[in-house]
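Please examine the structure shown below.

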Amino acid sequence: MNSLGAMFSKKQDSSDTKGVPPYGSPTASRSKKNGTVRPAYVIDRYAAYYPMNHKRRGMALLFSHNKYNVPNTPLPVREGSTVDCKRLKETLDLYGFDVKVYQDFKLEEIKSVIRNVSQMDHKDSDCILVAVLTHGEDCDFVYAHDCSYDLSIIWSFFTADNCPSLAGRPKIFIVQACRGNRLDDGVKVQKDGMARYSIPTHADFLFAYATIPGFMAFRNTTEGSWFINELCKEMQENGHKYDFVTLLTFVTQKVAYDHESVSNIPEFNMRKQTPCIVSMLTRLLLFNVV
């Protein structure tokens with residue numbers, strides 16, 4: 001067990017349940033005549049890497065939730081979430097992101113922020129990142145301060161038809177939340193040139209979830225969540241060495257192998273967790289050194 005694994009073994013664990021230069025037109029637009037989206041830039045159809053050398057890295061929106069006021073749904077305070085938020089902000093700052101933190105926002109406030117950002121011109125940005133740190137439940141529903149909502153409410157604002165200036169660019173979503181109430185017992189083992197081309201509206205998304213559908217995600221009450229902890233550590237140590245999906249594979253490895261829950265409640269003791277990475281990226285995403 002590594003140092004972080006040892007650190008978690010001494011604490012109580014909780015859960016979160018209830019480059020290439022740009023080419024083409026400098027501005028993005030959508031034709032009113034036929035609905036065609038014209039991205040802010042066009043690179044070679046089969047280019048291996050996303051261009052990550054624009055003027056700005058891009059915005060990083062962190063929606064962090066500690067306390068709730070949901071009618072008829074008492075939710076516990078997310079102890080340790082402040083540590084997650086601080087560690088993630090510091091890591092993204094190192095990557096050159098323009099980090100904005102939104103603490104305990106209500107759903108309408110979240111939607112207002114997302115709507116405004118989706119309407120901005122991102123032509124000078126490499127990508128965008130959105131992180132949601134909160135309680136969650138089945139079917140990708142998570143909690144704002146005042147109610148639950150479907151995560152698609154957030155990411156759908158950034159599809160290529162809704163946010164043309166991010167068409168063809170990475171859209172990264174990090175979700176630290178439970179995705180159900182099931183627990184993992186674990187098992188013991190023995191050793192074409194410049195021509196324009198069409199882009200699907202749902203391409204270039206990457207979702208990094210703390211756990212697989214239906215299962216709980218663990219959060220240390222004093223040191224933060226397993227997933228965010230290992231994500232930040234891996235980004236700081238190897239973020240400029242590996243492409244992002246490969247890096248997330250190693251995050252999954254660390255969470256799966258190095259962590260086991262510690263709880264006074266037998267049902268929650270000695271449980272495991274596996275992050276879940278869903279990629280619709282069409283190229284390799286490698287962050288260059290800032």
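Is Y242 buried, partly exposed or exposed? Y242 is partly exposed, because its relative accessibility is 25%, where buried means under 20% relative accessible area, exposed means over 50%, and partly exposed lies in between (1.4 Å probe, protein chains only). This is a predicted model, in which local features need pLDDT of at least 70, side-chain atom pairs count only at pLDDT 80 or more, and totals for chains, interfaces and linings use all residues. Residues are numbered from 1 along each chain as its sequence is written, and side-chain values use heavy atoms, with hydrogens and water left out.

The whole structure contains 14 aromatic pairs. Rings of Phe, Tyr and Trp (its six-membered ring) pair if their centres lie within 6.5 Å; planes under 30 degrees apart count as stacked, over 60 as edge-to-face and the rest as tilted. One of the pairs joins W155 to F205 in an edge-to-face arrangement, with 5.7 Å centre to centre and 70° between the planes. W155 is partly exposed at 23% relative accessibility, whereas F205 is buried at 0%. Y242 pairs with F250 in a tilted arrangement, at 5.2 Å centre to centre and 50° between the planes. F250 is partly exposed, because its relative accessible area is 28%.

Ring pairs also link W155, F158, F173, F205, F207 and Y209 into a cluster. Charges are found over two of these rings. The charged end of K171 sits over the ring of F205, 5.4 Å from its centre; this term requires NZ of Lys or CZ of Arg within 6 Å of the ring centre and within 35 degrees of the ring normal. R179 lies over the face of Y209, 3.7 Å from the ring centre.
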